[in-house]
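Here are my notes on the model you sent over. Have it open on your screen as you read.

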Amino acid sequence: MITVVGWDGSELSARAVGKLQEAGLVVAPAAVLGRLQLNATTAADGSLLEAIDGHLEHGEGPAVVVAEGDPGFFGVVRTLREHGLKPDVLPAVSLVGRAFARAGLNWEDALVVAPSGPAQLNRVVNACRAHPKVALLVAPGVGPGEIARELAPTTPRALIVCEDLGGPDERVTHSRMGEATTRPWKDPDVVLVIDPLHRPKEPSWVAGARPGPAEWALPAGGGLPPEVRAYVLAKLGPRLGDLVWDVGAGTGGIAVECARLGAAVVAVERDEGRCAELRANVLAHGVKVALTRGQAPPALEPLPDPDAVFVGGGGLDVVMACAARRPRSLVSALSKVEQVAAVLDRLREQGYHGEGTQIMASKLTLDPDGSHRLTASDPVFVVHATPAHTG
């Protein structure tokens, strides 16, 4: 018999106390073990599965695992079940729920991220760029300092850092991003990353990230036809946790679509008038897009590395500068078929596998006499490339 007891710093229930008194083995974080008066054999949670397996083979009495908060929420219940064990679970208030309660904020509209380590820092940061309310369960290498450093200066956010939740040194700090990068933090549990300018439109029927848009490849409002944008979006594959560049963004058709699908987006555009239209387009759709006004390739140099890139304007040098940053998907729209071969050849030299596609849609139109006819649009040539080793 294995029981998992959630502990949030408050007094344990009578049932939980009874389980601990009956236990032959208790596994818990070292700090928690020091605060519990136990007669059973104990082990630190770093050796969880080894301790449980040894007890099941040689030990006597039931085993109890004590975990912080709700152990079924990014906790040990998953680890035990993946190991073939089916524990009884006595939950407590989750660290995330406790953090939002301490901050006095609702959290049904919050996105919760739980990285396993620094390898996932970029995806966490991109989620914070795209979503106005994120709760980060801190992991080694992914804490308030790292998040603030990556977000600044293009993505202003307020940070609420929660340390030792439920413990004797509990502290909740509202921090500016500059402060978060230099201040010494003592064992933070959760960081709430909040967009202070965000104003929710209406309550959602689903918790966390909102569902995707009801429609994408929106009707043409300038720029690429919807049929071309649909193909471009399919090849970019924008998703939560991704960073997408829209280079030569124009009025932001692709940038807005990618943001609506949950990705973090940087739009690069040199023309002042188009930048103004892009900002209006972003506001009209209620999404987050970081705008960099400048000429590519130089404007690309300070930007964080992208997961996917769309090049809607600029020459071959722009496409090559984007390829040098090694996105998993690179899409470029070209107006002349002669450009396709040159772009594909250079991309191949950069270690990319690419293909070219001509897209031309014919619209059904109604003539004054009541008859119908097809009106063809101008063709657009689209190159899609991925690193050769991924096919």
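A quick word on naming: helices (H or I, at least four residues) and strands (E, at least two) are DSSP runs, numbered from the N terminus. Keep in mind that this is a predicted model, where local features need pLDDT of at least 70 and side-chain atom pairs count only at pLDDT 80 or more, while totals for chains, interfaces and linings use all residues. Residues are numbered from 1 along each chain as its sequence is written, and side-chain values use heavy atoms, with hydrogens and water left out.

1. Let's begin with Phe74, which sits in the loop between β4 and α4 (76-82). Its phi is near 55 degrees, a positive value in a residue other than glycine. Phe74 is exposed, at a relative accessible area of 54% (buried means under 20% relative accessible area, exposed over 50%, partly exposed in between, with a 1.4 Å probe and protein chains only).

2. Arg326 also deserves a look: not a glycine, but with a positive phi of about 60 degrees. You'll find Arg326 in the loop between α12 (316-323) and β15 (329-334), partly exposed at 39% relative accessible area. As background, most residues other than glycine have a negative phi, and most peptide bonds are trans.

3. The peptide bond from Ala152 to Pro153 is cis, with omega near 0 degrees, and Pro153 lies in the loop between α7 and β8 (158-163). The bond from Ala296 to Pro297 is cis too, with omega near 10 degrees; Pro297 belongs to the loop between β13 (290-293) and β14 (308-311).

4. Now the open sheet: five strands in the order β3-β2-β4-β1-β5, paired in parallel (two strands pair if DSSP finds at least two bridges between them). Since β3 (41-44) and β5 (88-90) are at the edges with a single partner strand each, one side of each has no neighbour in the sheet. Four bridges join β2 (residues 25-28) to β3, and Leu25 has Thr41 as its bridge partner in β3.

5. Which helices pack against each other at about 65 degrees? They are α6 (residues 121-130) and α7 (residues 144-151), with their axes 10 Å apart (axes are lines fitted to C-alpha atoms, for helices over the stretch in contact, and angles run from 0 to 180 degrees between N-to-C directions). Among the residues that meet here are Leu121 and Val124 in α6, and Ile147 and Leu151 in α7 (contact means heavy atoms within 4.5 Å).
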